[in-house]
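Please look over the sequence and the structure shown here before reading the report that follows.

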Amino acid sequence: EEICEDVTICVVPSHTEGPVNDSGIAQLARKLAKNGRVDKVDYLVRTKTIDKLAYGGSRDIRVQLDSIGINPDMTIDGDVVLIVDDVTTSGASLEACKEILLKHGAKRVAMLALGQSV
């Protein structure tokens with residue numbers, strides 16, 4: 001109930017190329033999207049595989065911006081979005097996704113990570 005109705009739920013895509021699919025965070029996000037929220041879990045798409053950040057991949061936001069695109073079958077125009085990630089360290093993935101969402105018309109973007117690594 002802390003998440004308002006009509007909020008659009010999106011997910012930071014994993015490091016591998018392709019749609020979000022059925023990862024654990026995607027399953028959780030789909031549950032969050034029920035009860036009056038908007039499920040756009042598949043809106044952000046990894047367009048090319050990057051090195052996994054947990055194994056020393058680059059934390060440069062440009063790497064994220066250059067490897068994340070959008071699903072052309074969806075629109076985000078005017079949406080208030082909650083972007084969800086499982087774990088964050090530097091926040092580059094979340095920040096890149098926020099930038100992409102705003103660029104494509106999101107009205108406002110809030111970010112949520114379930115955990116933070118060091």
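## Order of the elements

Helices and strands are taken here as DSSP runs, helices of at least four residues and strands of at least two, numbered from the N terminus. In this predicted model, the chain holds 3 helices and 6 strands, and when these are read along the sequence they follow the pattern β-α-β-β-α-β-β-α-β.

## Overall form

The radius of gyration of the chain is 13 Å, which agrees with the value near 13 Å that a compact globule of 118 residues would have. Along its principal axes, the C-alpha trace spans about 40 × 25 × 25 Å.

The chain exposes about 6,700 Å², of which carbon and sulfur atoms supply 49%, while 40% of its 118 residues count as buried.

## Nonpolar cores

The largest nonpolar core has 16 residues, and those that touch the most other members are C10, L44, I76, V81, I83 and L101. Two or more residues of this core come from each of β5 (80–88) and α3 (92–103), and α3 gives the most, with 5 residues. Apart from this core lies another, of 11 residues, which include I9, V20, A33 and L82.

Which residues is I83 in contact with, leaving aside its neighbours within four places in sequence? The contacts of I83 include C10, V11, V12 and L44, as well as L94, C97, L101, V109, A110, M111 and L112.

How values were computed:
Residues numbered from 1 in each chain as written. Predicted model: local features only at pLDDT ≥ 70, side-chain atom pairs only at ≥ 80, totals over all residues. Heavy atoms only, no water. Rg over C-alpha atoms; globule rule 2.2 N^0.38 Å. Buried < 20%, exposed > 50% of the residue type's maximum accessible area, 1.4 Å probe, protein only. Areas by Shrake-Rupley, 256 points an atom, 1.4 Å probe, with all protein chains shown as cover. Core = buried A, V, L, I, M, F, W, Y, C linked by side-chain atoms within 4.5 Å. Contact = heavy atoms within 4.5 Å.
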